[in-house]
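Reader: Could you walk me through how to read a few features of a protein model? I would like the general idea, then the case at hand.

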Amino acid sequence: VEQYIGGVEHAILVLLYARFFTKVLYDMGLVSVDEPFQNLLTQGMVLMDGSKMSKSKGNIVSPEAIIDKFGADTARLFILFAAPPERDLEWNDQAVEGCYRFINRVWRFVYDYVQSRGGENAEAGELSRKDKDMRRLVHTTIKRVTDDAGTRFNFNTAISAIMELVNGLYQYREVAGYNKAVMAEAVDTLVLLLAPFIPHVTEELWQDLGHGESVHKQKWPVVDEAALVADEVTVIVQVNGKVRDKILMPVNLDKAETEKMVLAQPKIAEILAGKEVKKVVVVPNKLVNVV
């Protein structure tokens, strides 16, 4: 078995016996492996008021009630977002409602986008700094979700990354004259990344976006490594160790050009007026300290 996932209560019986029989069969020459599972993930318990949920204790939450009120996708999203799979999950009704609000926020954004985009196929053309920042966020999110969910089973951090993408999309929408091709890529990617977590809502949204085939038959988004590379960075400027300004400058600018650019800033020049600059300490792409 490539991946075994089970509760800690299985360790004594299921896992012990599985290993025992596998090793016996291996010693008998009947199988070629001496361990039954390549990878093991021991999942945490679901707790209610600090105690393990149990039918015998009666401290359970009916999934039917949650599904009737919020939908199956909300229940799925909450369980995956509330805690890493190996940790115990404390049931929280308010957190369930928070996941419901997030799903509705995604729905509203995609619906508004579909209503306003028009029928034309947009070309990317020349990208502004805001456009590049948006593409960087999109492909950073693809990378994070792929690594967290696909490799480490950290579904909670994967969902958190998607939430950050949604915040970024709302901000990008407010940019005057945003790039339609960049927005189209971002919205499609958002729905694809959410599909494993909220399959019903994303299927509906995928169809609304004009795609014929099911979202669950699509290829997983691929990271564009070029989009991850920043052209500009925000550099902190200090004078005698105290933060005085923040400057946007080209990435990997050499020390001499960095120093020249910083000293030419009106705010810094005003602070340094009549004073002797003894040295300028440059930490590339991060910080400049004028002494």
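Predicted model: local features only at pLDDT ≥ 70, side-chain atom pairs only at ≥ 80, totals over all residues.

Reader: Which residues have the most contacts inside the largest nonpolar core?

Author: A nonpolar core is a set of buried Ala, Val, Leu, Ile, Met, Phe, Trp, Tyr and Cys residues joined through side-chain atoms within 4.5 Å. Buried means under 20% relative accessible area, exposed means over 50%, and partly exposed is in between (1.4 Å probe, protein chains only). Here the largest core has 49 residues, and Leu77, Phe102, Val106, Ile162, Leu169 and Leu190 have the most contacts inside it. Two or more residues come from each of α2 (63-70), α3 (72-81), α4 (93-116), α5 (129-150), α6 (155-173), α7 (180-194) and α8 (199-208). The largest share, 10 residues, is given by α6. Those element names follow DSSP runs numbered from the N terminus: helices are H or I with at least four residues, strands are E with at least two.

Reader: How many salt bridges does the structure hold?

Author: A salt bridge is a side-chain nitrogen of Lys or Arg within 4 Å of a carboxyl oxygen of Asp or Glu. The structure holds 11 of them. One joins Lys23 and Glu35, at 3.3 Å from N to O. Lys23 lies in helix α1 (residues 11-27) and Glu35 in the loop between α1 and β2 (39-43), so this pair ties together parts 12 residues apart in sequence. Lys23 is partly exposed at 28% relative accessibility, and Glu35 is partly exposed at 32%. Arg19, Lys23 and Glu35 are linked in a network of salt bridges.

Reader: Which residue forms a salt bridge with Arg135?

Author: That partner is Glu185, with the closest N and O atoms 2.9 Å apart. Arg135 lies in helix α5 and Glu185 in helix α7, so the pair ties together parts that are 50 residues apart in sequence. Arg135 is buried at 18% relative accessible area, whereas Glu185 is partly exposed at 24%. Another bridge joins Arg152 and Asp148, with the closest N and O atoms 2.6 Å apart. Arg152 is partly exposed at 46%, and Asp148 is buried at 8%.

Reader: Which residues form the positive surface patch?

Author: In a charged patch, residues have over 30% relative accessible area and no salt bridge, and like charges are joined within 9 Å. In this structure Lys242, Arg244, Lys267 and Lys275 form a positive one. Lys275 sits in the loop between α11 (266-272) and β8 (280-283), and this lysine is exposed at 57% relative accessible area.

Reader: What should I look for in the phi angles?

Author: Most residues other than glycine have a negative phi. Asn240 has a positive phi of about 55° although it is not a glycine. Asn240 is found in the loop between β6 (232-239) and β7 (242-250) and is exposed, at 56% relative accessible area. Asn252 also has a positive phi, near 60°. Asn252 lies in the loop between β7 and α10 (255-263) and is exposed, at 59%.

Note on methods: Residues numbered from 1 in each chain as written. Heavy atoms only, no water. Patch = residues over 30% accessible without salt bridge, like charges linked within 9 Å, V, L, I, M, F, W, Y side chains within 5 Å. Areas by Shrake-Rupley, 256 points an atom, 1.4 Å probe, with all protein chains shown as cover. Lys, Arg positive; Asp, Glu negative; His and termini not counted. Charge placed at Lys NZ, Arg CZ, Asp CG, Glu CD.
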